[in-house]
Amino acid sequence: MFPDLNALHFAQLVFFSLATIGMTHIMVDSNLFAPVRDFAKARLPEFVSKILECYQCCGTWVGFFTGFWLISCHPIMVLMAGCAGSFLAYSAAVLLTYFEAQSVVPSSKDQ
């Protein structure tokens with residue numbers, strides 16, 4: 001039977017969202033995780049290193065993981081958490097890129 005979505009608390013969803021976005025960002029972009037990405041690129045199959053370079057791909061797997069631990073172990077919920085993680089991680093990366101671009105590049109109005 002499908003799990004009851006009403007049993008989820010708002011705090012769980014917020015924590016899931018922030019944990020998924022944060023963990024994905026650490027895995028894809030941080031200096032802390034650079035040695036792991038370099039190791040994956042040098043010694044593991046190519047698809048593993050591709051996962052660690054892509055926000056959407058890594059967000060999916062992080063969503064599976066965080067969904068399993070924070071929301072439910074039901075397979076349908078884990079699958080939905082992976083899809084949500086992919087969307088959240090990619091959306092956060094786009095938003096971050098936009099904010100960085102706005103803070104670095106002067107607009108034509110400033111000149």
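**Helix packing and cysteines**

Modeller: α4 passes α5 in a right-handed crossing. A crossing is right-handed if the near helix is turned clockwise from the far one by less than a right angle, and left-handed if anticlockwise. Please note that this is a predicted model, in which local features need pLDDT of at least 70 and side-chain atom pairs count only at pLDDT 80 or more, while totals for chains, interfaces and linings use all residues. Residues are numbered from 1 along each chain as its sequence is written, and side-chain values use heavy atoms, with hydrogens and water left out.

Biologist: How many helices and strands does the protein chain have?

Modeller: The chain has 5 helices and 0 strands, in the order α-α-α-α-α along the sequence. Helices (H or I, at least four residues) and strands (E, at least two) are DSSP runs, numbered from the N terminus.

Biologist: At what angle do the axes of α4 and α5 cross?

Modeller: Two packed helices are described by the angle between their axes and the distance between the axes. Here the axes of α4 and α5 (residues 75–104) cross at roughly 135° and come within 6 Å. Such axes are lines fitted to C-alpha atoms, for helices over the stretch in contact, with angles from 0 to 180 degrees between N-to-C directions. The two helices are therefore oblique to each other; angles under 35 degrees count as roughly parallel, over 145 as roughly antiparallel, 65 to 115 as roughly perpendicular and the rest as oblique.

Biologist: Which residues of α4 meet α5?

Modeller: Those in α4 include Gly59, Gly63 and Gly67, and their partners in α5 include Gly82, Gly85 and Ala89. Contact means heavy atoms within 4.5 Å. The residues of this contact comprise 9 nonpolar, 8 polar and no charged. Ala, Val, Leu, Ile, Met, Phe, Trp, Tyr, Cys and Pro count as nonpolar, Asp, Glu, Lys and Arg as charged, and the others, Gly among them, as polar.

Biologist: How does α1 pack with α4?

Modeller: The angle between α1 and α4 is about 140°, and their axes are 9 Å apart. That makes α1 oblique to α4, and the crossing is right-handed. Among the residues that meet are Phe16, Thr20 and Asp29 in α1, and Cys58, Gly59 and Leu70 in α4. By class, this contact has 11 nonpolar, 8 polar and 1 charged residues.

Biologist: At what angle do α1 and α5 cross?

Modeller: The axes of α1 (residues 10–29) and α5 cross at roughly 65° and come within 9 Å, in a right-handed crossing. The contact includes Phe16 and Thr20 of α1 and Gly85 and Leu88 of α5.

Biologist: How many disulfides does the structure hold?

Modeller: A disulfide is a covalent bond between the sulfur atoms of two cysteines. The structure holds 0 disulfides, a disulfide being a pair of cysteine sulfur atoms within 2.5 Å. Cysteine 57 is in none, and the nearest cysteine sulfur, that of cysteine 54, is 3.0 Å away. For cysteine 58, the closest cysteine sulfur is also in cysteine 54, at 8.3 Å, too far for a bond.

Biologist: Is cysteine 58 buried or exposed?

Modeller: Cysteine 58 is buried, with a relative accessible area of 2%. Cysteine 57, which lies in α4 (residues 55–70), counts as partly exposed at 34% relative accessibility. Buried means under 20% relative accessible area, exposed over 50%, and partly exposed in between (1.4 Å probe, protein chains only). Buried residues make up 27% of the 111 residues in the chain.
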